[in-house]
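Thank you all for making the time this morning.

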Amino acid sequence: MAFLELKNVSKGYGATGQRTEVLRDINLTMEKGEFVAIVGYSGAGKSTLISMIAGLIRPDAGNITLNDLEITEPGPDRGIVFQNYSLLPWLTVYENIHLAVDQVFPNWAPARKQQHVEKYVAMVNLTPARDKRPSELSGGMRQRVSVARALAMDPQILLLDEPLGALDALTRSTLQDEISRIWSDDRKTVVLITNDVDEGIYLADRIIPLSAAPNATLGKSVKIDLP
Ligand code: ADP
Ligand code: ADP
């Protein structure tokens, strides 16, 4: 049994008659602990694909299962990081992560929540910035908060939708190293969406090309073995 499975998934946009099928017959299986990168041009349908795995939108046809359960809506079993950090601007780094922890683990004692939040703040090297608000942080720091927040919810799978796409090259490379380190410490199942083939090769076990929309579909996956 595959951990994540997409079976003949199709999705289009537009009114009947002028509908464009963006994705057609997407099939994908992933094992637990795998890091897969889906690589494609801008407009290929990558966000549409990951949004369906997230449960934010429904496929028109086919189905998606995580641990044999059909995905029909967003859930805390999937942590998501978007390109444009969806942090709450009026909350600090600590508070943004704490809010997510509150939602997923409402019954934990306050001290346990606090410890848990501090652990993830430290994991992304943001302890010195824990009381800053997003407007006081650089783009790279904001993305680190988003990654920490997603991981603190202890998801079964981490969905990264071009998380580093808006960052300058140097920050991007720093964050790639951090993601790589976090992943070797804490083997999550990860789907990374990227338009950067090098990023996919560097981070993932397997990269899968997505052809361009309309009727985009996944190509043969390529396994990346470290030399
Ligand atoms: P990518 O993430 O690879 O850039 P997207 O999934 O965002 O691609 O978009 C794929 C195609 O679907 C694009 O042509 C885009 O314009 C179109 N599209 C995406 N979302 C919508 C929407 N909500 N309504 C209509 N068209 C959309
Ligand atoms: P990172 O440290 O996450 O890789 P950058 O390379 O963009 O991020 O920023 C380097 C340092 O510069 C950050 O640690 C931060 O202290 C500071 N910095 C950058 N941009 C800003 C900003 N807009 N507001 C406050 N500090 C910033």
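Let me begin with ligand 2, where an oxygen atom of the ligand is 3.3 Å from an N or O atom in the side chain of T171, a polar contact in the sense of a pair of N or O atoms within 3.5 Å. The protein covers 44% of the 540 Å² of accessible area that ligand 2 has on its own, with areas taken from the Shrake-Rupley method with a 1.4 Å probe. Please keep in mind that this is a predicted model, in which local features need pLDDT of at least 70 and side-chain atom pairs count only at pLDDT 80 or more, while totals for chains, interfaces and linings use all residues. Residues are numbered from 1 along each chain as its sequence is written, chains are lettered from A and ligands numbered from 1 in the order in which they are written, and side-chain values use heavy atoms, with hydrogens and water left out.

An oxygen atom of ligand 2 also lies 2.6 Å from an N or O atom in the side chain of R144, and a nitrogen atom of the ligand is 3.5 Å from a polar backbone atom of E136. Around the ligand, counting residues with a heavy atom within 4 Å of it, we find E136, L137, S138, G140, M141, R144 and T171. Helix α4, residues 139-152, gives the largest share of this shell, three residues, helices being DSSP runs of H or I with at least four residues.

What is the volume of the largest pocket? It is about 420 Å³, where a pocket is an open set of points on a 1 Å grid over the protein atoms alone, at which a 1.4 Å probe fits, with protein on both sides within 12 Å along at least five of seven lines, and lining residues have an atom within 4 Å of a point. Of its 18 lining residues, I80, A100, Q103, R149 and M153 lie nearest the centre, and the largest share of the lining, four residues, comes from α2. By class, that lining divides into eleven nonpolar, five polar and two charged residues.

The second largest pocket holds about 200 Å³ of space, and its lining includes W183, R187, Y202 and D205.

How values were computed
Polar contact = N/O pair within 3.5 Å; in protein donor to acceptor, adjacent residues only side chain to side chain. Helix = DSSP H or I, 4+ residues; strand = E, 2+ residues; numbered from the N terminus. Points joined across faces, edges and corners; volume = space filled by probe spheres on them. Nonpolar A, V, L, I, M, F, W, Y, C, P; charged D, E, K, R; others polar.
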